[in-house]
Amino acid sequence: MADNLERELPYLRRYARAVTGSSQRGDAIVEVAIASLIAKEDPATDRVGFFSNLETAIREALPAAKAGAEPDPASRSRRALLLTAMEGFKVEDTATILGCPADEVGELMVEAEQELTRSLQTRVFIMEDEPLVAAHISQIVSELGHDVVGQAVTRDQAVESCRTLKPNLLLADVQLADGSSGADAAAIITEELGIPVVFITAYPQKLLTGRDGEPAYLIAKPFRPDMVKAVVSQALIQSMTAQ
């Protein structure tokens, strides 16, 4: 179990962070989930079991659950979308994790996609030094109805452009054209504008250092379009909820 859990830990943290919109809160929920797993006489030892246990911890941490009510259906539908699009689970496994029939998972995913398409159109800035990748990302977010207001390939260019354009969401690579750091640029931009950032990078290990300040939203290259759509939409949902 320890070996399997060590392998899955980065993905458990990624999922919990995306659901909560906070690296600290997400990691805290994962810690609770692991503690409960260890305490069980017959703990789960596979990926579906680990995520099922984490889903229980997430449900218990949601405000609606604390009041004795069912979690927000929209939140549950987005979790179904994250489990399939971001974590790559099959519909049957997603149903097991969420504790619902398999046919309900399809309905939840349709609900999430419809909700996200209807309500989240916003201004997006892309920080990416590979033109083809930037164009691909731009196409994906445009299909969601977002307006790509600008792109940059260096840290300084990104910071200055965002100060002028004032986007509502930043999509950022870590390693930029002149060797500058996309993480540094994102830190400046998010501090000044107070907007969420989704990192899309071939170097996720540069951001997962175990120290404070790790990102809540992280997509590794190569990526699938549905993964980008799910994570971008979840970041915007959480940003709106926090306001």
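Predicted model: local features only at pLDDT ≥ 70, side-chain atom pairs only at ≥ 80, totals over all residues.

Q: At what angle do α1 and α2 pack?
A: Helix α1 (residues 2–20) packs against helix α2 (residues 23–39) at about 130°, and their axes are 8 Å apart. Angles run from 0 to 180 degrees between N-to-C directions, and axes are lines fitted to C-alpha atoms, for helices over the stretch in contact. Helices here are DSSP runs of H or I with at least four residues, and strands are runs of E with at least two, numbered from the N terminus.

Q: Which term describes the orientation of α1 and α2?
A: The two helices, α1 and α2, are therefore oblique to each other. Under 35 degrees counts as roughly parallel, over 145 as roughly antiparallel, 65 to 115 as roughly perpendicular, and the rest as oblique.

Q: Which residues make the contact?
A: From α1 come L5, L9, L12, R13, A16, R17 and T20, and from α2 come S23, R25, G26, D27, I29, V30 and I34. Contact means heavy atoms within 4.5 Å.

Q: And α3 with α6: how far apart are the axes?
A: The axes of α3 (residues 47–61) and α6 (residues 91–98) come within 8 Å and cross at roughly 40°. These helices, α3 and α6, are therefore oblique to each other as well.

Q: Which residues meet there?
A: In α3 they are V48, F51, S52 and E55, and in α6 they are D93, T96, I97 and L98.

Q: Changing topic, what does UniProt list for D173?
A: An unreviewed UniProt entry lists D173 as "modified residue: 4-aspartylphosphate". Such annotations may be inferred rather than shown by experiment.

Q: Where is D173, then?
A: D173 is in the loop between β3 (169–172) and α10 (182–193).

Q: Buried or exposed?
A: D173 counts as buried, at 4% relative accessibility; buried means under 20% relative accessible area, exposed over 50%, and partly exposed in between, with a 1.4 Å probe and protein chains only.

Q: What is D173 in contact with?
A: Leaving aside neighbours within four places in sequence, the contacts of D173 include E128, D129, T201 and K221.

Q: Lastly, where is L218?
A: L218 lies in strand β5 (residues 218–220) and is buried, with a relative accessible area of 10%.

Terms used: Residues numbered from 1 in each chain as written. Heavy atoms only, no water.
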